[in-house]
Amino acid sequence: MKIVCILAVSFLFLSNFTIEAKAKTDYQLVNERVLTELLKHQANDKEVEELMQRQNANGSWPGINYKDVSNTGFEHRIHLSNMVEMSTAYSQKSSQFFKNKELKKGVINALTFWCDNDFICENWWYNQIGTPTQLVNVLLLMKNDIDKNLLQRSLQIVNRGNLNASGARQGGDRIKIGGIQAKMLLVAGNESEFEGVMQIINNEIKFTTGDRGMQSDYSFHHRVFRVNNTTSYGLSYAGVFAEWAAYVAGTKYAFSIEKLQQLINYYLDGICKQMVYGVYRDPGVLNRDITRKEGFRPEGTEIPERLLLASNYRNDELKNIIALRQGDAQANLSFGAFFWQTEHFAFQRPNFYTSVRMNSVRNRNMEQPYNSEGLFNHHRADGANFLSKKGNEYLDIWPVYDWQKIPGTTVLYKPELPSENEIQKRGLTEYVGAVTDGKYGAVGFDFISPHDFISARKAWFFFDDEYVCLGAGIKSDASYTVITTIDQALLKSDVIVNTHQDQTILTVGDHEMAETNWVLHNEIGFIFPEHNTIHVSNKTQSGSWYNINKQWSSSKETVTENVFSLWIDHGVRPQGKQGGLVNQAMLGKDVKYAYIVVPNASLSSMNNERGIKILINSRNIQAVQQRNLGITQFIFYKGGTVQVSENFSLTCDSQGAIMLKLTGDDLKEITVADPSRQLSQMHLRISGEVKAQNEQGFQSVYDAKANLSYLSIELPEGDYAGKSVSFTLQ
């Protein structure tokens, strides 16, 4: 069934989707749409004029290092982008250089220079994706003005981006290369093969759980190492598909309804939920790309616009994303989303967004530092818990960052980080996961550092106005201190600290504060129920982009930023005994921390009763109650019992993550998950008599004498092991 777009959407190229559609073949119509899209970019006539003036007689430009073809070099990309800009001006009626003979000569000279030298980069990506992408765009714009010989030479280079190339592996790169080949076939006028490529792109939208590509939870893995790439490679994967879905909408090449719906689900429930308000990149999801300098700007609207052109599925949600990114709407979604294939939890309310990134035996922690980017990412999947309200809290802070103080992490604080060759590691534990009903959630992380082998049981409990962070069983056998970082972000305001003795606006510098009740910075409150000794830094830090990213374009100039840092120092070997990680007799003291994060706080609200009760925080069980919401969340690393109230208790016979919604002592809803992915069923004992409205996968036996219900709940298995299941109770 072909999809005909009937939406009255005022996109620049929409008219070309309908005008004279009957008079043109579908192939011609797609060709026109591709050209129209290329010409949406307005050429900069002043820049084009300068390029013409500066261009050497042989077609090259001064200032480009044409000899360096290394991974960190390859300034040749500038030559390619120059050609695209000039070709756009030549083909654009609004440009003063439209059909200009001198400009045409300059483009042909530049293209001839490239073909004569046929530059090959040490990084395969340029040879099979980067260079072919730029060249094929030049050819689409200039094909009627390039002689046949030069056109064929250029197409030979473009054809390195073909579906049999080494880089055309399943996942993000394959669909990019498919798009390159489709454009090449438009240049060559090969309609029959074009149709085949469209079918290949259509078929690439699929779950490939456990391999490269889209996972069953709508996260994305670019490589077999199982690292979260959802908003990098996974975003470009969706972008290429959306681009071609729009080009072929309403034609015989149109993609299937099933594939389009799967793509839209992935975009809204995977990509957008791993971005702050669906608008800004979440630092917790980024890999080596975190060390690339960025301006503070929302993500573009091209993908949702194109999806609207291709389908009428979930249109209101796509339009909402567009409105958010254009500044025409305020964030309005509340959700908790756990990506069990990727060990990543995202949580949003209309006025804040936060996430937790972890690793396990199933996944590796981080990308390798390909092309010398992301050189200090060792601890960024050790429970990283970035918090955003506006999306700019960490904007370009990375050159001055202390990379051992990642918010949410517990690390061995060393004189320096290991080599960048030691960044990527497989996790060491099975119990890593979350329980969520789609709105609230709790995260449990049985953490052992793959770098330093310190261990901790770490948990996060998320509610509407705050979230609770607990740690227990902290242990190290190394000779350096262990710290838990609460926050490290750009310094945006005064730092106010309330201790047992007084309330203080901190002066600039480093501070150790005993018996601390709370800290307030940038309208974010940090509450310490156990009145911890905490460390605060509010001062200038310095560094350079080149220190963290060795690309040729990285500046070596010193960067300075005012930075706020907040952490707890647990000391050297805090458990007090030296011994193995597993031997219970050698664990020593149960070293703990507890703090509550209030994302939208004021000075007057910091001492308010928040309805939070920490029921237990031990190395075996962690549980928190939000009495105002009637929600209690439990992280069981092993079986045990928690007394929720005088008349209500919960016993779990095994490991598990559980969330209860209660009215008084009456249980209304239960949600469970197995972070270890080992169980097919979970067995519980709960006070009172409970029955599920839908008993599929739920069994309950009531003992009236003991006033206990014995529950047996079936858990998802296979690709869905680790996912939560919820039941509404009578």
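**Figure 1. Cavities in the predicted model.** The count comes to four cavities of 30 Å³ or more. The structure shown is a predicted model. Rolling a probe the size of a water molecule over the atoms shows where empty space is left. About 100 Å³ of space lies in the largest cavity.

**Figure 2. Lining of the largest cavity.** The lining of this cavity is made of 16 residues. Closest to its centre are Leu387, Tyr394, Asp487, Ile524 and Phe526. Strand S14 (481-490) and strand S19 (524-527) are the elements that give two or more residues to the lining. S14 supplies the largest share, four residues. By class, the lining of the largest cavity holds 10 nonpolar, three polar and three charged residues.

**Figure 3. Lining of the second largest cavity.** Two of the lining residues are nonpolar, five are polar and three are charged.

**Figure 4. Salt bridge between arginine 288 and glutamate 367.** Side chains of opposite charge can pair when their charged atoms come close. A search of the whole structure finds 35 salt bridges. In this one, the side chains of arginine 288 and glutamate 367 meet at 3.0 Å, N to O. The pair links distant parts of the chain, 79 residues apart. Arginine 288 sits in the loop between strand S4 (280-281) and helix H11 (302-310). Glutamate 367 sits in the loop between strand S7 (352-357) and strand S8 (387-388). Both arginine 288 and glutamate 367 are buried.

**Figure 5. Salt bridge between arginine 457 and aspartate 446.** The two side chains meet at 2.8 Å, N to O. Arginine 457 lies in strand S12 (residues 455-462), and aspartate 446 lies in strand S11 (residues 441-448). The partners are 11 residues apart. Aspartate 446 counts as buried because its relative accessible area is 17%, under the 20% cut-off.

**Figure 6. A salt-bridge network.** Salt bridges that share partners join Arg223, Arg288, Arg292, Glu367 and Glu373 into one network.

**Figure 7. Salt bridge between arginine 169 and aspartate 173.** The side chains of arginine 169 and aspartate 173 meet at 3.4 Å, N to O. Arginine 169 is partly exposed, at 24% relative accessibility. Aspartate 173 is buried, with a relative accessible area of 1%.

Definitions and conventions:
Residues are numbered from 1 along each chain as its sequence is written. This is a predicted model: local features need pLDDT of at least 70, side-chain atom pairs count only at pLDDT 80 or more; totals for chains, interfaces and linings use all residues. Side-chain values use heavy atoms; hydrogens and water are left out. A salt bridge is a side-chain nitrogen of Lys or Arg within 4 Å of a carboxyl oxygen of Asp or Glu. Buried means under 20% relative accessible area, exposed over 50%, partly exposed in between (1.4 Å probe, protein chains only). On a 1 Å grid over the protein atoms alone, a cavity is a set of points where a 1.4 Å probe fits but cannot get out, and a pocket is an open set with protein on both sides within 12 Å along at least five of seven lines; lining residues have an atom within 4 Å of a point. Grid points are joined across faces, edges and corners, and a volume is the space filled by probe spheres set on the points. Ala, Val, Leu, Ile, Met, Phe, Trp, Tyr, Cys and Pro count as nonpolar, Asp, Glu, Lys and Arg as charged, and the others, Gly among them, as polar.
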